[in-house]
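Hi everyone, and thanks for making the time.

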Amino acid sequence: MAVAAPTGEPTIDALSQFKLAPVGFMGSAVNFTQANLLMVIGAGLVLALLYYGSRPRAVVPGRLQAAAELSYDFVYNMAVDQIGPEGKRFFPFVFTLFFFVLMGNLLGLVPFSFTYTSHIAVTAALALLVIVIVTVVALAEHGWTFFTYFFPSGAPVFLAPLIVPIEIISYLSRPVSLSIRLFANMVAGHVMFAVFATFVVMLGGHSLVGSIAAIGPVAINVVLIGFELLVAALQAYVFAILTCIYLHDAVHLH
Amino acid sequence: MDVAAATKLGAGIAVIALAGVGIGIGNIFSALVTSIARNPSARDQVFGLGILGFALTEAVALFALLIAFLILFT
């Protein structure tokens with residue numbers, strides 16, 4: 001993070017942590033980077049939790065089974081509360097999305113690992129998937145009446161030239177805001193870690209007073225880790241619940 | 001003006017948006033506290049909504065912060 005400049009003074013190099021690097025002996029041949037490795041690990045962890053958690057099928061669940069059941073119930077309730085009874089159909093999609101994003105955010109907080117949700121390519125692909133599925137569901141459910149979605153019933157007709165473009169723009173800006181929200185949260189958090197970690201190096205390099213003052217940025221980084229744990233869970237929740245709200249709009253049309 | 005000075009000033013100006021976000025988050029939590037104080041039994045439903053509003057507002061702050069980081073570090 002802190003790379004010594006030619007003058008000897010360390011400079012803040014906050015963005016190099018997001019650089020992709022091939023891993024493994026075949027890595028560079030198939031462009032298998034550490035982001036892909038972390039995706040595989042994250043998916044494997046979720047699958048392992050569900051597989052080993054649902055194996056015992058005890059009436060009184062153990063810790064692992066309770067964790068698996070809690071996560072299942074949490075996403076199931078979210079989907080059914082937000083979408084309605086039709087939410088059961090979309091539950092697997094929302095569950096997958098929630099845990100993929102959650103694993104990306106949480107695994108990124110492990111030292112020396114990598115946050116794959118900090119790349120706009122990943123979050124934009126997820127958001128585009130969401131918006132394409134929402135549009136396909138809406139068209140399949142309602143056919144051409146889907147397009148009445150852009151003109152709320154009860155609004156005066158002479159306002160149509162104003163309302164329809166606004167509704168279309170707000171519909172099309174959903175994937176943009178959905179992807180940038182997650183990506184910006186992750187990048188901002190990790191840049192903040194790097195900035196405060198560089199402060200430690202800068203202060204510690206000076207004198208005894210600097211070394212003592214360097215306790216400050218270390219303490220801030222410890223607090224930031226806790227805050228980022230909250231943000232990691234919250235952003236996965238927000239991503240999943242916004243998907244649910246969009247699916248609700250697609251199924252019910254306002 | 002010197003380019004290095006201009007980038008630092010630009011990054012500073014970019015985060016003025018945080019003032020609005022501060023007001024917004026304050027509004028959300030004041031409304032949350034008021035509604036829970038009026039009807040404590042609604043806490044479970046209202047709390048989720050409040051956290052959702054907080055996350056959506058915080059995202060605006062991060063857009064501004066990200067622009068500042070991009071100005072400073074690229």
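Take Val94(A) as an example. Beyond its neighbours within four places in sequence, Val94(A) is in contact with Val75(A), Ala79(A), Ala240(A), Thr243(A) and Cys244(A). As background, nonpolar side chains in soluble globular proteins tend to be buried together.

Now to the two chains. Where they meet, eleven residues of chain B are in contact with 14 residues of chain A. On the chain B side, the residues that touch chain A are ten nonpolar, one polar and no charged.

**Two helices to compare**

Next, please find helix α2 of chain A, residues 34-54. This helix has 21 residues and reaches 30 Å from its first C-alpha to its last, close to the 30 Å expected at 1.5 Å a residue. Which of its residues are buried? They are Ala35(A), Leu38(A), Gly42(A) and Gly53(A). Looking down the axis of α2(A), you find the buried residues within an arc of 65°, so they line one face of the helix. Remember that an α-helix has 3.6 residues a turn, so residues three or four places apart point the same way. The cover over the buried residues of α2(A) includes α3 (63-83) and α4 (87-107) of chain A. Turn to the face away from that buried side, and the exposed residues there are Val40(A), Gly44(A), Leu47(A), Ala48(A), Tyr51(A) and Tyr52(A).

Then there is helix α6 of chain A, residues 160-172. With 13 residues, α6(A) reaches 18 Å from first C-alpha to last, close to the 18 Å expected at 1.5 Å a residue. How many of the 13 residues of α6(A) are buried? The number is zero, so α6(A) lies largely in the open.

**A few single residues**

Phe183(A) sits in helix α7 of chain A. Is Phe183(A) buried or exposed? Phe183(A) has 23 other C-beta atoms within 10 Å, and the cut-off for buried is 20 or more, so Phe183(A) is buried. Setting aside residues up to four places away in sequence, Phe183(A) touches Thr117(A), Ser118(A), Ile120(A) and Thr123(A).

Two loop residues are also worth a look. Asn31(A), in the loop between α1 (27-30) and α2 of chain A, has a positive phi of about 55° although it is not a glycine. Asn31(A) counts as exposed, with 10 C-beta neighbours inside 10 Å. Phe112(A), in the loop between α4 and α5 of chain A, has a positive phi of about 65°, and Phe112(A) is not a glycine either. Phe112(A) is exposed, with 5 other C-beta atoms within 10 Å.

Last, confidence. Chain A has a mean pLDDT of 87, and 96% of its residues reach 70 or more. Over residues 1-5 of chain A, though, pLDDT stays under 50, and the model has 14 contacts beyond four places in sequence for that stretch. Where pLDDT is low, the predicted coordinates should not be read in detail. Thanks, everyone!

Key:
Residues numbered from 1 in each chain as written. Chains lettered and ligands numbered in written order. Predicted model: local features only at pLDDT ≥ 70, side-chain atom pairs only at ≥ 80, totals over all residues. Contact = placed C-beta atoms within 7 Å. Nonpolar A, V, L, I, M, F, W, Y, C, P; charged D, E, K, R; others polar. pLDDT = per-residue confidence, 0-100. Helix = DSSP H or I, 4+ residues; strand = E, 2+ residues; numbered from the N terminus. Expected span 1.5 Å × (residues − 1). Buried ≥ 20, exposed ≤ 12 C-beta atoms within 10 Å, placed from the backbone. Arc of directions from axis to C-beta.
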